[in-house]
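Subject: Handover of a structure for your review

Dear colleague,

Please find below the structure that I am passing on to you.

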Amino acid sequence: MSRILIANRGEIAVRVIRACAQNGHTSIAVYADQDANALHAQLADVAIALPGTTAAETYLSIEAIIAAARQAGADAVHPGYGFLSENADFAAAVEDAGMIWIGPTPDSITALGDKVTARQLAQKAGAPLAPGIDRPLRDAAEVEEFAAEHGLPIIIKAAHGGGGRGMKIVREISEVAGAFESATREAIEAFGRPECFVEKFLEHPRHVEVQVVGDGRGTVVAVGDRDCSAQRRNQKLVEEAPAPNLSEEQRERLQRSAEAICAEVDYRGAGTVEFLLAADGTMTFLEVNTRLQVEHPVTEAVTGVDLVTEQFRIAFGEGLSLSATPEVRGHAIELRINAEDPGRGFLPTPGRIETLTVPGGPGVRWDSGVRAGDTVQPAFDSLFAKLIVHGPDRATTIARTITAATELDVVGPATVLPCSLAILRHPAFAGESLGIDTQWIESQLLPEFAPQERPAPVSGDGITRVDIEIDGKLTTLGLPDALLTALGSVGGTASAGTGHDGDRAEGSGVSDDDGSSAVTAPVPGSLVDFLVDDGAEVAEGDEVAVLSAMKMETRVQAGAAGTLTHVASVGDVVAVGEAIARIR
């Protein structure tokens, strides 16, 4: 029996905790202050606090997680996905601390996790590639030069990480500088690294990927393939396995190319090789995710391979349980359940889940990090659960997924479910031709959705730590701020966004007695930039500020014309409806 620390939160932490129980391992959870009562912290055999409320202080802090692992006597660390899962320095720190890293070697993460180096390896392996600059960009001028040579559109990408973050499509040369700055900001926030590169962008491609596992000694096996074309903001909403409407020749080339790319670095553990497939059949290598994917359950459903157990086997020296690509059994679809409102352009909508009714039925699987009464936290990703459905064929699986999604009821945060149901019912998705691509949702479906009711603002209550003496020994207690407030104690934490003299409004353009109107935050988050200077003239509809919420950037527009005055400061955490500027 090994003691495994899960360096993550939410539904993926719960998934790994359950795999630990199934395989006879002790699970160790870590949690930020606002996650003290979260499901993953409750289900784990051991839970260790990471004092802090931001990702940087907690789930992105190598020092804090290594300290927690040592405190808990962990033998191994599973990183989940996101956060530090593709950070070679973290993998090395785990191994330097004498623990087993359940993932690829630090060298493999560096080679494949860096999209620039991965492009070079893919070229060596014979995978097709779109034109691009195969090194980190120095500045926006380089992007402009590339666009002049290869034409528009282009895409600027973060060299490290994944999940669609730090990716900006540019269709006008005037947009290059802003897109470069935005991609760099998102890359730093999500992955802690600023490097970006540029590629020629393929319009309206499908997103097809191959799940692989490797033993670290040169053997890599493609477990199966998936289609993840239903995306918004370059992040997936609906995934399915196997990828439909591929010829046997295409499927074979994808799977063997994925194996060859990963074999170049003696890949160890689970990983995913992603490709774009154009309408004319052209395939282009995209990237390698050196971790478990969010959508791994659909591959598990159609192959019978437990990918987390496979990660354990490889990490603990037992080797692969399979020697060749397994036979596919039926079809599977996964819906990501995100707290976002399609009717407001997929704005994040963190909030308390008042009620939660989970569906059932043949082939239905529910992976979740929350229960009724829990809060979808604004500081972290908007994904809080996944609905996975398996059936004997694609048509049956679509029908089962629609039934299950209709039964699913979430009261509190707005969710992407209306969009997911529209996708499943649309002939472009459900038809035999599979006529959707990675831009289809935003170009075709987005205008169809009405805004949902906004949840109540998330309480800013956290944990206050105080040193007290018990039986002559000094110890630290973490006390909920709500409890301290109820007891009339001093030291409670103010809720986010109350630091500007109560200057709140329900929406941009609301006039006050002095004739000015407020520019308000459409989402709770951090103010990362003002796009216009204090005192500048703006027109109605101009983009004036950038907020970062749930790892995504949202641009705030002026609701009226006039002279803009900054109210908030860059770096402030603001609540929904809080004024960040005023227009007179």
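To begin with one side chain, Phe316 is partly exposed, with a relative accessible area of 22%. In these notes, buried means under 20% relative accessible area, exposed means over 50%, and partly exposed lies in between (1.4 Å probe, protein chains only). Phe312, by contrast, counts as buried at 2%.

The model is a predicted one, in which local features need pLDDT of at least 70 and side-chain atom pairs count only at pLDDT 80 or more, while totals for chains, interfaces and linings use all residues. Residues are numbered from 1 along each chain as its sequence is written, and side-chain values use heavy atoms, with hydrogens and water left out.

Confidence

The chain has a mean pLDDT (the predictor's confidence in each residue, from 0 to 100) of 89, and 93% of its residues reach 70 or more. Residues 489–507 have pLDDT below 50, and this stretch has 42 contacts in the model beyond near neighbours in sequence. Contact here means heavy atoms within 4.5 Å.

Aromatic rings and charges

The search of the whole structure gives 6 aromatic pairs. One of them is the tilted pair of Phe312 and Phe316, with 6.4 Å centre to centre and 35 degrees between the planes. Rings of Phe, Tyr and Trp (its six-membered ring) pair if their centres lie within 6.5 Å; planes under 30 degrees apart count as stacked, over 60 as edge-to-face and the rest as tilted. A cluster linked by ring pairs consists of Tyr59, Phe83 and Phe380.

Two arginines place their charged ends over rings: Arg232 over Phe346, 5.8 Å from the ring centre, and Arg394 over Phe429, at 4.7 Å. The criterion is that NZ of Lys or CZ of Arg is within 6 Å of the ring centre and within 35 degrees of the ring normal.

Arg119

Arg119 is part of helix 6 (residues 115–125). Helices (H or I, at least four residues) and strands (E, at least two) are DSSP runs, numbered from the N terminus. Is Arg119 buried or exposed? It counts as buried, at 3% relative accessibility. Its side chain makes a polar contact with the side chain of Glu199, at 2.7 Å. A polar contact is a pair of N or O atoms within 3.5 Å; within protein, one must be able to donate a hydrogen and the other to accept it, and residues adjacent in sequence count only if both atoms are side-chain atoms. Beyond its neighbours within four places in sequence, Arg119 has contacts that include Leu129, Asp134, Phe197 and Phe285.

Helix 4

Asn87 caps the N-terminal end of helix 4, with a side-chain oxygen 2.9 Å from the backbone nitrogen of Asp89. Within the helix (residues 88–96), Ala88, Phe90, Ala91 and Val94 are buried. These buried residues fall within an arc of 165 degrees seen down the axis, so they line one face of the helix; the arc is that of the directions from the helix axis to the C-beta atoms. The face turned away from the buried side carries the exposed residues Asp89 and Asp96. Cover for the buried residues includes helix 3 (62–72), strand 4 (76–78), strand 5 (100–101) and helix 5 (106–113). Gly98, with a positive phi near 85 degrees, follows the helix.

Backbone geometry

Most residues other than glycine have a negative phi, and most peptide bonds are trans. Leu152 and Pro153 are joined by a cis peptide bond with omega of about 5 degrees, and Pro153 lies in the loop between helix 7 (140–150) and strand 6 (154–158). Another cis peptide bond joins Ala241 and Pro242, with omega about -5 degrees.

Asn234 has a positive phi of about 60 degrees although it is not a glycine. It is partly exposed at 23%. Phe346 also has a positive phi, near 65 degrees, in the loop between strand 15 (340–341) and strand 16 (347–348); Phe346 is buried, at 1%.

Ile441

Among the residues that Ile441 touches, not counting those up to four places away in sequence, are Arg232 and Phe346. Ile441 lies in helix 15 (residues 440–445) and is buried at 0% relative accessibility. Its C-alpha atom is separated by 9.4 Å from that of Ser229, 212 residues apart along the chain.

With kind regards
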